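Good morning, and thank you for making time for this presentation.

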Amino acid sequence: MSQFDRTVGSDTKSGQGTDRDTGPEGEESTEPGAIAQTESQLLPADVFATLGNETRVDILRSLLKLDADESPVSFTDLFDAVDIEDSANFNYHLQQLTDHFIARTDDGYEFRYPGRKVVSSIFSGTFTERAKLGFFPVDGSCYDCDGSLQGWYVDDTLTIGCTDCGAIQVSYPFPTGGLDDRSTEELLQAFHHYVRHHYCLAADGVCPECTGTVETDLVRDPDADDQNVAVEHVCQRCGYQLQSTVGLTLLDNADVLVFHSERGVDLNTAPFWRFDWCVSDTRTTIVEEDPLRVQLTLPCEGDELQVLLDETGSVLETAVVEHLPQ
């Protein structure tokens with residue numbers, strides 16, 4: 001299970017050119033029941049141009065150090081914290097950030113969400129660092145050959161694969177900041193929560209990248225060589241795409257969680273790559289082609305949970321099959 005893609009489609013999906021429409025005399029025009037769009041929007045090129053200056057990045061970083069999350073920072077305190085001598089020059093750069101990245105209030109300056117996100121990305125290493133982590137053992141066994149597992153981190157991606165047959169259990173981008181001050185065991189647990197959270201969000205119709213609307217469909221014969229069917233999530237706002245096994249989208253399903261919990265397994269904390277139904281098609285059966293219907297059989301402590309899904313990845317029904325001892 002190594003499907004991950006992020007693409008940006010048309011201008012409509014990427015959010016470009018989506019300022020609010022106006023009616024006569026500048027009145028806002030929206031469809032009944034529709035949510036108003038953002039008041040203003042920077043194009044991607046303008047965002048990078050605005051942030052492509054050391055002083056402006058230093059202003060954002062200084063706001064964090066001065067606890068702008070807790071209370072606004074005065075112009076004087078912010079000027080003293082930034083390495084610049086000319087107040088007029090400082091004020092110019094501050095104004096370039098104001099309104100989109102930071103907000104000016106009666107009490108001073110504070111973060112707007114995009115500005116806080118930029119600072120978080122800097123400190124997480126998303127934009128600034130490159131790290132590598134050599135092979136390390138991972139608990140669990142290969143879904144294909146039952147061989148031992150190893151993990152490694154290269155090019156901002158954490159991968160878990162089999163040392164015997166080479167099958168990849170999971171490969172997913174992970175910010176370099178996640179490696180800081182963590183043992184390999186702690187890293188794997190953080191990775192589990194990070195990936196699980198992304199896929200559960202997408203399955204719930206929320207883009208993990210921009211919080212836009214996500215459409216989900218089952219895909220017959222996807223690009224992955226070892227899958228007959230996959231789930232594809234596509235954000236209608238930014239074009240963000242995720243593709244995975246069908247099973248991975250069930251990690252937040254109530255019936256699946258309860259079935260495992262009643263048998264002593266907590267899917268919230270148990271690494272998902274230990275379950276073959278999460279990382280492969282091993283327990284996925286196509287029961288109908290048109291419309292597409294698939295059934296997953298999830299084993300646990302001698303019992304099975306059968307889950308039927310439709311072409312949008314929605315669960316239609318579940319059934320527990322108990323295997324009583326003979």
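Predicted model: local features only at pLDDT ≥ 70, side-chain atom pairs only at ≥ 80, totals over all residues.

Which residue is the bridge partner of L296 in strand 13? That partner is V307.

Let me give the overall picture. The chain has 326 residues, and buried residues make up 40% of them. Its secondary structure comprises nine helices and 14 strands. If we take the contacts between residues at least 6 apart in sequence, 46% of them join residues at least 24 apart. The chain exposes about 17,900 Å², and 44% of that area is supplied by carbon and sulfur atoms.

As a general point, most residues other than glycine have a negative phi, and most peptide bonds are trans. In the loop between strand 11 and strand 12 we find P291. A cis peptide bond joins D290 and P291, with omega at about 0°. The loop between strand 12 and strand 13 contains E301. Phi of E301 is positive, near 50°, although this residue is not a glycine. E301 has a relative accessible area of 63% and is therefore exposed, the cut-off being over 50%.

Which of its residues lie on the covered face, and which on the uncovered one? L149, G151 and Y153 form the covered face, whereas S148, Q150, W152 and V154 form the uncovered one. In general, side chains in a regular strand alternate between the two faces of the sheet.

Strand 5 takes part in two hairpins. With strand 4, residues 133-141, strand 5 runs antiparallel through five bridges, and S141 stands opposite S148. Six residues separate strand 4 from strand 5 in this hairpin, and D146 in the turn has a positive phi of about 70°. D146 is not a glycine, and with a relative accessible area of 57% it is exposed. With strand 6, residues 157-162, strand 5 again runs antiparallel, here through six bridges. W152 stands opposite T159 in strand 6. Two residues lie between the strands of this second hairpin, and D155 in the turn has a positive phi of about 55°.

I turn now to helix 7. This helix has 20 residues and reaches 28 Å from its first C-alpha to its last, close to the 28 Å expected. Its buried residues include L187, L188, F191, V195 and Y199. Just after helix 7, G205 takes a positive phi of about 90°.

R196 is also among the buried residues of helix 7, and its relative accessibility is 10%. R196 forms a salt bridge with D252, the closest N and O atoms being 3.9 Å apart. D252 itself is partly exposed, at 40% relative accessible area.

How many salt bridges does a search of the whole structure find? It finds eight. One of them joins R283 and D276, at 3.0 Å from N to O. R283 is partly exposed, with a relative accessible area of 29%, while D276 counts as buried at 19%. Salt bridges that share partners also join E262, R263 and D303 into one network. Between R263 and E262 the closest N and O atoms are 3.6 Å apart. R263 counts as buried at 17% relative accessibility, whereas E262 counts as exposed at 61%.

That concludes my presentation, and I thank you for your attention.

Methods:
Residues numbered from 1 in each chain as written. Heavy atoms only, no water. Helix = DSSP H or I, 4+ residues; strand = E, 2+ residues; numbered from the N terminus. Buried < 20%, exposed > 50% of the residue type's maximum accessible area, 1.4 Å probe, protein only. Contact = heavy atoms within 4.5 Å. Areas by Shrake-Rupley, 256 points an atom, 1.4 Å probe, with all protein chains shown as cover. Pairing = 2+ DSSP bridges. Salt bridge = Lys/Arg side-chain N within 4 Å of Asp/Glu carboxyl O. Expected span 1.5 Å × (residues − 1).
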